[in-house]
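Reader: Hey, I've got a structure to go through for class. Can you walk me through it?
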Amino acid sequence: MPKKTSLFREEARRKFRAEPWQPPLLSKAPSGLVMGLLAVLAAGGLMAFASTFRFAHKEQVQGYLRPASGWSRVLASNFAIVERCLVSAGDAVQAGDVLMELSSGQGIERAQTVSRRLLEEIGERKSHLDARFELVGSQYEIESALHLQEQGANQQELARLERELAFQRSRLDTARKRLNDSRNLQASGLLSGQDIAVLRDDVAARSLSVSEKERQADRVRLLLETADMRLRKLSVDTRREQAMIAGQIHALAMEESRVQAQGAARVLAPRGGVVASVQAKAGDQLRPGDMLLDIVPEDQSFRARLFARSSAMGLVEPGQQVKVHLDAFPYQRHGAQTGRVLAIFETTLQSGESDMANLLGIAAAEPVFQIDVEFPEGFQLAPRQQSNLRPGMTLTADVVINRRTLVEWALEPLQGAARRL
């Protein structure tokens with residue numbers, strides 16, 4: 001059996017066993033003052049960071065894209081079956097163009113009967129409004145004629161009073177002159193004091209008569225000014241009432257055209273634009289309220305309609321920045337779109353009142369507010385992606401509620417408890 005050989009010499013091994021290994025030691029222990037100073041600096045830096053650095057407190061809300069203006073959603077207003085659809089998504093239409101042709105469906109006869117009754121009612125209301133329009137005009141003519149007649153009489157009375165006032169003033173001046181002359185005669189002994197008293201009474205009586213005539217003239221002038229104001233007010237009120245009646249007549253005419261179009265089993269474009277989407281096709285059975293298609297302006301620009309719960313509305317204000325993430329374009333690849341709060345609706349939208357809110361899953365008992373967001377800088381997307389934007393696309397938005405430091409965040413429970421005491 002071969003003898004084992006060692007890698008190290010026997011002398012080296014014995015020397016190593018005689019001197020066991022010890023870990024190296026620092027030549028000098030670190031100073032406690034330096035370590036304390038480093039700890040104080042670290043704590044101070046941490047406190048400065050916690051008290052100065054602010055992080056955003058965000059609220060995540062949901063919403064959808066909608067055109068900035070001119071979005072028309074055409075709905076079925078009667079029972080029918082779609083016979084033909086004459087447009088498709090992307091087609092340009094003008095106001096009054098035929099979009100769909102409908103045929104009789106279940107309940108269409110009953111709907112046509114209702115349409116006839118609506119047309120009769122609309123005709124009666126239009127006749128009543130026309131008669132009222134003519135009556136308002138006739139009343140204005142009669143009242144304005146009476147005002148003009150009264151104004152003419154007052155002007156004649158004013159002219160008469162001014163003539164009498166001029167005559168009375170002339171007689172008053174004469175009486176005053178006689179009184180002054182009689183005083184000179186009294187000094188020479190030609191007139192007695194009784195004669196002077198008579199002349200003085202005559203001056204006083206004529207002064208009183210002049211004052212009375214001036215009051216009468218001022219009263220007539222005030223009547224003339226008031227009559228002018230009443231006449232102008234009557235004219236303004238008449239024009240306002242006639243404009244209101246004309247607006248009601250126009251609305252009834254539009255309603256009559258709509259009902260007539262429904263009776264003709266045609267769906268007409270309410271405005272010009274581009275067909276964004278078609279929700280009904282040939283053969284579909286329609287009920288009142290079913291969505292048929294959407295029409296948007298040709299040069300459409302989009303806004304975001306957000307649904308925020310009341311707990312997120314405390315510090316939301318117009319002009320606030322919003323980060324919007326389009327569901328169709330994931331932010332991991334396309335980033336977030338920068339928007340700005342344009343308007344906040346004052347009234348709440350109760351859960352269940354909006355189909356779009358229900359589609360977004362907002363079904364809580366808490367009421368929600370609607371917020372409109374604009375995009376001043378547009379969408380940071382490729383041209384092809386921007387052309388694929390459609391009304392109704394869902395999105396998620398981060399609304400910055402406030403900014404606070406770590407210290408404020410840590411002390412918030414204590415501050416809340418203190419305010420409740």
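Reader: Okay, are phenylalanine 375 and phenylalanine 379 buried or exposed?
Author: This is a predicted model, and in it both phenylalanine 375 and phenylalanine 379 are buried.
Reader: And what kind of aromatic pair do phenylalanine 375 and phenylalanine 379 form?
Author: A tilted one, with 4.5 Å from centre to centre and 35° between the planes.
Reader: How many aromatic pairs are there in the structure?
Author: Two aromatic pairs. Tyrosine 64 and phenylalanine 307 make up a stacked pair, because their ring centres are 6.1 Å apart and their planes sit at 25°, and stacked calls for planes under 30 degrees apart.
Reader: Where in the chain are tyrosine 64 and phenylalanine 307?
Author: Tyrosine 64 belongs to strand β1 (residues 54-67) and phenylalanine 307 to strand β10 (residues 302-309), so this pair links distant parts of the chain, 243 residues apart. Tyrosine 64 and phenylalanine 307 are both buried, too.
Reader: New topic! Which residues have the most contacts inside the largest nonpolar core?
Author: Leu65, Leu306, Leu326 and Leu389, in a core of 24 residues.
Reader: What does leucine 389 touch?
Author: Leaving out residues up to four places away in sequence, leucine 389 touches Leu65, Phe302, Leu326, Phe329, Phe379 and Leu381.
Reader: Last one: how many residues are in the second, separate core?
Author: There are 15 residues in that one, including Ala76, Val93, Val267 and Ile295.

Conventions: Residues are numbered from 1 along each chain as its sequence is written. This is a predicted model: local features need pLDDT of at least 70, side-chain atom pairs count only at pLDDT 80 or more; totals for chains, interfaces and linings use all residues. Side-chain values use heavy atoms; hydrogens and water are left out. Rings of Phe, Tyr and Trp (its six-membered ring) pair if their centres lie within 6.5 Å; planes under 30 degrees apart count as stacked, over 60 as edge-to-face and the rest as tilted. Helices (H or I, at least four residues) and strands (E, at least two) are DSSP runs, numbered from the N terminus. Buried means under 20% relative accessible area, exposed over 50%, partly exposed in between (1.4 Å probe, protein chains only). A nonpolar core is a set of buried Ala, Val, Leu, Ile, Met, Phe, Trp, Tyr and Cys residues joined through side-chain atoms within 4.5 Å. Contact means heavy atoms within 4.5 Å.
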